[in-house]
Amino acid sequence: MVVLLIGGSGVLMNAMIDKLNKNGHRVYLLTGQREGRSSYRHVFERYNFPYDSASIKEILESIKPDVTVFTGAFDTNFDWGKPEQEMIRYTAGLMNILSACDILKKGRFFYFSSQEVFGDSYIDNVTEEQEPSPKGFKAMALAQGEDMCGNYRRIQGMRTFILRFDHLYWVPEPGTTQNNPCFAMCLEALKTGRISANARRVASMIYLNDAVELAYKLICAEAPGHGCYHISSAEAIGQMELARKIQREIGSGIEIVDNTVGMANRLILDNSRYKGEFGQEIFNHYDAGVRKVAVYMKRHSSSFLTEEDEGGGLAVKVWHNTRRIFRAVVPFIENLVCFIPFFMLNNRAVGSRFFARLDFYLLYVLLFAVVYGQQQAVFSGLLAIVGFCFRQMYNRSGFEVLLDYNTYVWMAQLFIVGLVVGYLKDQLRYIKNENSSRIQYLNGQLKDIEDINDSNVRMKHNFETQIVNHKDSLGKIYEISSSLEQYGPEEVLFYAAQVLSRLMDCEDVAVYRVANGDYARLFSATSREARKLGNSIKYTDMEGLYGELKEHRVYINKTMEGKMPTMAGAVYSEDKLQLILMLWGIPWERMTLGEANRLTIVGALIQNAVVRANRYLEALKNRRYVEGTNVLDEEAFTQLVKAFSDAEGKGLTEYALLEILTGGNDHESVATALGSAIRQTDYMGILKGGRLYVLLSNTNREGAEGIVERFKNAGYASRLEEAVL
């Protein structure tokens with residue numbers, strides 16, 4: 001089954017991909033954004049397009065999915081912090097997707113909604129028939145999405161299905177924020193050491209793995225009986241009870257705060273419809289599910305908490321603030337500490353014959369400019385000036401030092417060198433960070449290219465395998481269909497049903513031969529199920545089937561009407577309908593354009609064999625018939641009877657053989673008299689040393705009695721032969 005998943009990266013999306021992949025389905029993904037950074041290991045092909053893109057139609061036509069799933073309420077592409085804008089974007093994107101699916105006219109569409117569409121409190125469990133009462137922009141958007149799916153189902157006949165999930169919860173990924181009651185309480189416990197609970201609020205939750213299992217069962221169903229289903233455990237749990245379970249798992253140091261206010265609120269989705277139709281088993285009940293979430297979040301608490309709220313205590317918050325301030329002042333402290341040895345070195349160098357010309361303050365400023373940049377260069381320059389002036393005042397007054405222009409020249413030199421070097425350091429740091437970001441971005445691009453290449457290689461290998469080995473390949477089809485050449489001209493149509501059954505992987509196949517402009521007669525069939533339409537049909541009254549065959553298209557029973565074949569094709573000769581090929585019992589997931597194309601190819605190959613056999617028989621017409629009559633000579637009729645006998649032994653047809661008691665009349669006069677009494681699909685011929693027989697195709701003993709009576713009315717008696725050859 002080909003499945004197209006539509007939605008952003010998230011735990012539900014990942015779980016759906018894993019589930020479908022493990023069960024052998026081919027998964028395509030429409031991410032809903034142009035820059036897809038997430039990597040998906042089990043996705044056959046990924047499309048990075050927004051939902052309002054004009055390319056959605058081409059994507060769907062390329063994939064031709066059997067099932068399309070829009071994650072809706074759980075789509076991470078929508079930021080509901082800005083609800084007014086997202087509501088418009090959500091409905092517009094969904095409308096574009098639904099329109100494209102409707103144009104495709106293929107497969108089923110599943111829309112994931114949630115309990116959020118119900119904003120009121122309900123005494124009883126909420127059933128699917130209950131009208132939504134959304135409160136808030138997101139709930140309104142989800143409800144509008146349900147309405148759109150329902151309208152397409154009613155008006156356009158599109159097979160849309162709504163799945164409402166009831167309070168999903170799961171083990172969160174490290175460092176992420178989730179929107180479910182269990183996560184919120186666990187996070188509050190880790191942040192503040194308390195859990196606030198309202199005893200008047202009651203709901204039901206379902207663990208992610210259970211929800212995915214139930215949704216998968218529904219997605220794989222060929223014909224769900226309703227348009228809306230609730231995915232729910234239907235197990236009530238109050239906030240107080242949930243808080244106590246979390247307290248028990250995280251630790252006794254957690255305090256439960258009774259925050260019971262307001263009116264009672266109860267919202268539990270009823271799952272009776274789903275349970276009655278598909279059956280339901282919940283593996284992760286509250287004790288097990290809550291334990292998984294609480295234990296995991298406690299073990300990885302550092303990834304869920306920021307420095308401001310980690311630990312939940314005032315002392316810890318003060319410590320983290322102090323640590324941040326300390327990291328900011330460390331360079332200044334280091335600068336002050338390093339100034340002392342440089343000040344001492346400069347004082348020693350003043351009277352030295354070797355180091356008198358060495359400026360230690362300049363080296364000091366350069367050191368901090370190179371290490372920290374402009375900010376510390378300015379600070380170290382100010383300290384150097386203070387140290388320089390202080391040393392000069394050993395021999396002169398401060399006023400004299402300030403009036404000396406050499407002091408200002410030295411200061412200018414110090415700041416110019418320090419600021420220039422500091423600026424270069426800042427630029428180098430900026431370039432380094434920029435290059436690091438660019439490298440990270442390019443690595444992401446490289447990862448995407450690798451994913452695309454892997455996908456292309458995978459597709460290449462799949463197509464190579466299909467062409468060389470697969471049963472659907474043209475080479476394989478021709479190999480099997482060419483086996484018809486080993487049969488005689490009289491046997492081709494019988495074994496065409498067998499070949500068609502093998503190539504289409506369908507046990508129930510029937511071949512009808514067109515008798516005149518309106519009727520077709522059953523010629524061969526592979527099973528009793530394939531004969532359910534009877535031996536003779538007026539195909540022109542089958543509007544859906546005849547309309548498709550008339551346009552040289554394959555008929556597909558999209559409405560699953562029980563009295564019609566699941567697929568049917570036609571064989572034409574010189575634009576005249578010759579044969580109708582009917583297939584029964586093909587599963588819904590195989591009623592695709594690919595199967596229709598395969599039937600078209602098989603029909604064309606069968607047509608070649610049939611036309612060749614007809615032309616051969618036509619060429620031998622003068623040698624096969626008694627001159628001047630439509631009576632087959634003994635040799636030709638013997639071959640024909642043998643072909644019917646062999647085909648009947650293999651269950652492909654049935655026939656009856658009548659001997660005509662001519663009463664001494666010649667065959668020509670008898671054939672002329674009975675010509676209007678036999679059908680176009682029946683044969684008249686000579687057997688057993690000149691006796692005249694009629695072979696009634698696809699006719700049993702009961703059906704032959706009517707023909708016997710018809711011959712009697714024409715003036716000739718007849719009798720049924722049990723075995724001739």
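**Cavity, sheets and confidence**

Author: This is a predicted model, and a search of the whole structure finds 1 cavity of 30 Å³ or more.

Reader: What is the volume of the largest cavity?

Author: Rolling a probe the size of a water molecule over the atoms shows where empty space is left. With a cut-off of 30 Å³ or more, the search of the whole structure finds 1 cavity. The volume of the largest cavity is about 30 Å³.

Reader: Which element gives the most residues to the lining of the largest cavity?

Author: The lining consists of Lys245, Arg248, Glu249, Tyr286, Asp287, Val290 and Arg291. Two elements, α7 (239–250) and α9 (286–299), each give two or more residues to this lining. By class, the lining residues divide into 2 nonpolar, no polar and 5 charged. The element that gives the most, with 4 residues, is α9.

Reader: At about what angle does α7 run to β12?

Author: The strand β12 belongs to an open sheet of 3 strands, ordered β12-β9-β14 and with mixed pairing. Because β12 (236–238) and β14 (265–267) each have a single partner strand, they stand at the edges, and one side of each is left without a neighbour in the sheet. Neighbouring strands of this sheet are turned against each other by 20 degrees on average, direction ignored. The helix α7 lies across β9 and β12, and its angle to β12 is about 75 degrees.

Reader: Which residue in β14 is the bridge partner of Arg201?

Author: Strand β9 (residues 201–204) pairs with β14 in the parallel sense, over 3 bridges. In β14, the bridge partner of Arg201 is Asn265.

Reader: Which are the edge strands of the sheet of 6 strands?

Author: The 6 strands form an open sheet in the order β17-β16-β15-β20-β19-β18, with antiparallel pairing. The strands that pair on one side only, and so stand at the edges, are β17 (536–538) and β18 (555–556).

Reader: Which residue in β20 is the bridge partner of Val571?

Author: Strand β19 (residues 567–573) and strand β20 (residues 576–584) run antiparallel and are joined by 7 bridges. Helix α18 (residues 543–550) lies across β18, β19 and β20, and runs at about 40 degrees to β19. In β20, the bridge partner of Val571 is Leu579.

Reader: Where in the protein chain is confidence lowest?

Author: The protein chain averages a pLDDT of 81, and 84% of the residues score at least 70. Confidence is highest in strand β4 (residues 67–70), at 96, whereas the lowest, at a mean of 52, is in helix α16 (residues 474–481).

Terms used. Residues numbered from 1 in each chain as written. Predicted model: local features only at pLDDT ≥ 70, side-chain atom pairs only at ≥ 80, totals over all residues. Heavy atoms only, no water. Pairing = 2+ DSSP bridges. Contact = heavy atoms within 4.5 Å. Axes fitted to C-alpha atoms, helices over the stretch in contact; angles between N-to-C directions. 1 Å grid on protein atoms, 1.4 Å probe; cavity = no way out; pocket = protein on both sides within 12 Å on 5 of 7 lines; lining within 4 Å. Points joined across faces, edges and corners; volume = space filled by probe spheres on them. Nonpolar A, V, L, I, M, F, W, Y, C, P; charged D, E, K, R; others polar. pLDDT = per-residue confidence, 0-100.
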